[in-house]
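Hi there,

Here is the structure I promised to pass on. Have a look at it first, and my notes follow below.

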Amino acid sequence: MTSDINDNNDEEANCTIPSNLIPADELSRYSADRDPHLEQDIANYVQGQAPDEVVQNVEKVKQEVVLGEIYEIWDVITDKNRWWVITNLTNLYSQKSFPSLDYILSFHIGLMMRIRSRPDSANIEDPTPFDDVFRRQEQAKNRHESAVEAEDYQAVGMQLRECLISLIGVLRRRVPMGLDIERPQDANFIEWSVLLIDELCGGKGNKELRQYLKNTAKDTWQLVNWQTHNRNANQTASLIAIYACDTIVGHFVQLLERERLDRIDQCPNCKSRNIRTHFDISIGPDGDYYMTCGVCGWSSHPNGA
């Protein structure tokens with residue numbers, strides 16, 4: 001009898017849980033199914049939301065379809081905290097405050113439905129090459145909200161002007177131009193607009209569209225500069241200038257993104273349509289998109305990542 005008790009004690013001693021758990025930054029080695037591109041997207045998002053923390057492990061724990069919308073739930077461990085990250089729209093939640101996975105998913109879906117119901121709700125998903133442009137737009141709108149005097153509304157015009165110049169800077173770095181084309185000065189928005197629209201919207205069938213875009217760009221630039229120098233600038237003029245700037249920025253973003261969106265809708269390897277889009281800030285000159293296949297893992301990343 002004593003021997004049996006001793007044997008049981010030995011077995012219990014051999015089955016104790018080790019006190020030294022696997023470090024968070026080594027957990028990925030033991031994950032059977034990994035998607036490094038999506039993991040990097042989530043890590044970049046958390047790093048942007050919590051810049052004083054270092055991401056150590058990212059793991060997709062669940063995916064659910066609710067009313068036709070796909071929601072991915074990620075478990076993210078940093079050197080300071082542990083987070084849930086849920087997509088569509090992407091947001092993060094502390095696991096200390098929301099320990100229940102089912103509860104936080106329900107909470108997230110409700111929150112995102114409320115955000116989408118708001119007019120002009122911003123998409124907060126991924127970083128883009130236009131982040132500096134969007135930042136300047138937001139600064140102009142914030143200045144407009146607090147403006148009182150004519151000089152304040154003139155300052156809004158100055159910020160919108162810098163926004164348009166920043167837009168041209170992004171486009172100049174990303175749109176290939178022929179060596180024989182004479183390049184205007186960097187701040188010559190109207191001339192650069194003409195060149196870029198010709199490159200991004202070529203073809204006989206786009207003649208009317210090109211003319212509209214060129215006229216809109218020219219009118220917007222002239223309006224913004226008029227507001228900058230108008231000693232009687234007021235709220236109405238400022239608001240119209242903001243809307244005009246939003247319109248031309250949206251047009252140029254759409255033109256630049258059209259080629260990327262139309263470039264591929266099928267994986268060249270397995271012909272799957274499960275194509276995902278990612279953004280990598282390390283792709284020159286100021287970050288770029290690349291695509292991967294969710295089935296076979298094909299990637300269009302220029303560095304073969």
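What share of the contacts in the protein with a separation of 6 or more comes from residues 24 or more positions apart? The value is 49%, with contact meaning heavy atoms within 4.5 Å.

Before the rest, some ground rules. This is a predicted model, in which local features need pLDDT of at least 70 and side-chain atom pairs count only at pLDDT 80 or more, while totals for chains, interfaces and linings use all residues. Residues are numbered from 1 along each chain as its sequence is written, and side-chain values use heavy atoms, leaving out hydrogens and water.

On the overall build, the protein has eight helices and six strands (DSSP runs numbered from the N terminus: H or I of at least four residues for helices, E of at least two for strands). Read from the N terminus, the order is α-α-β-β-β-β-α-α-α-α-α-α-β-β. Of its 305 residues, 39% count as buried, which is to say under 20% relative accessible area with a 1.4 Å probe, protein chains only (over 50% is exposed, and in between is partly exposed).

Next, a helix pair. H6 (residues 189-200) and H7 (residues 207-229) pack at about 160°, and their axes are 10 Å apart. Axes here are lines fitted to C-alpha atoms over the stretch in contact, with angles from 0 to 180 degrees between N-to-C directions. The two helices are therefore roughly antiparallel (angles over 145 degrees; under 35 is roughly parallel, 65 to 115 roughly perpendicular and the rest oblique). Phe-189, Ile-190, Ser-193, Val-194, Ile-197 and Asp-198 of H6 make the contact with Arg-210, Leu-213, Lys-214, Ala-217, Lys-218 and Trp-221 of H7.

For Cys-245, the nearest cysteine sulfur is that of Cys-163, 3.9 Å away. Cys-245 counts as buried, at 0% relative accessibility, and Cys-201 is also buried, with a relative accessible area of 0%.

Finally, some backbone details to check. The peptide bond from Asn-88 to Leu-89 is cis, with omega near -15°. Asn-88 sits in the loop between S3 and S4, has a positive phi near 70° without being a glycine, and is buried at 18% relative accessible area. Lys-271, likewise not a glycine, has a positive phi of about 70°; its place is the loop between H8 (235-263) and S5 (275-280).

Best wishes

Definitions and conventions. Disulfide = S-S within 2.5 Å.
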